Amino acid sequence: MIDKVIRIFNIINAIQANPGISAKDLAFKCDVNIRTIYRDMDILELIAPVSREGRGTGYRFMGRFFLYPLNFTEQEALVFSLLPSMLDKEKLPPGFDTAYDKVMGTHRKEKSTQNNIIEDIAGIIQMGSPAYRKESPNFLQPIIQAILEQRTIDAVYHTQYRNETTERKIDPYYLIPRDQRFYLVGYCHVKQGIRTFRISRFQNVELTNESFDKGNFNIKQYLKNTWSIDRGEKNTTFRVRFDPEVARYIKEEELFVHPRMKDQKDGSLIFEVTVNNEKEFLKWILQYGPSAEILEPKAVRDNLKEQLLQWVNMYQ
């Protein structure tokens, strides 16, 4: 999700710099397919006055809408604000004071505009609430802001499987949407390692003035072979046959791993994929009922057969 937010900011800058830019050119600049740009523009049109006069005319902003591209980090803004006190004003050329005021004014307006856009995006993204909690505060806005500005957060987090609430300092790296929920992947200072946090389990989130650097962390490598969000330690390769009635829908699934798919003469589909969490993959397969048959591995197939027999006995 955070990749989408950052991409939308890049789209705004591209449209400002090139009024009338086409969806194809935006897709090239953002390194995504053109359908992704269309979806992003649907979101952007909810928060900015985008004009497209006709097919093939490209995108441009109407009126005086403009996002200033200074994009100072907090540290850069602090250094720049201290600049006048560190310089000998007698040696500065005429016009420095007014130029400085314009730059700082632009920075403040940019920050205000960016925060408004983050608020709008966070408002558009509707999240569910845990059944056990009457009120569930939405911490998406401060988390998105912290990721964009690379600022550490102070958080209160509830770990469900230990039924434990702790205070943590987290460097937020990425927001990941999974199964109608959002998860935050980041560096936990308490555990001194990369951890995954379910957004609805945060009880408080506050931005700090501390900045962080992701270093060489690669989210795609981190989630390699991870079917949903829980990373396992043992890779398992599955072969599944999908009936013709559901085969075409399987091809449309937006997956986070790369399966190998082969069409059969009868219209069915052989689906092969390697995952590191067997439980998550089986949960996905079971939603298709008898339209999905696990061919391999044999041990998983036999175990599922035993479970199905138990279910049948339960309802007799």
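In what order do the 5 strands of the open sheet lie? The order is S6-S5-S4-S3-S7, with antiparallel pairing. Strands pair if DSSP finds at least two bridges between them; strands (E, at least two residues) and helices (H or I, at least four) are DSSP runs numbered from the N terminus.

This is a predicted model: local features need pLDDT of at least 70, side-chain atom pairs count only at pLDDT 80 or more, and totals for chains, interfaces and linings use all residues. Residues are numbered from 1 along each chain as its sequence is written, and side-chain values use heavy atoms, leaving out hydrogens and water.

Select 193-198 and 202-211 next: these are the edge strands S6 and S7, each pairing on one side only. Then select 181-188, strand S5, which 6 bridges join to the antiparallel S6. Within this pair, Val 185 stands opposite Thr 196 of S6.

Now select Phe 281. Its contacts (heavy atoms within 4.5 Å), not counting residues up to four places away in sequence, are Trp 227, Phe 238, Val 240, Phe 271, Val 273 and Val 275.

Cys 30 is buried at 18% relative accessible area, because buried means under 20%, exposed over 50% and partly exposed in between (1.4 Å probe, protein chains only). Cys 188, at 0%, is also buried.
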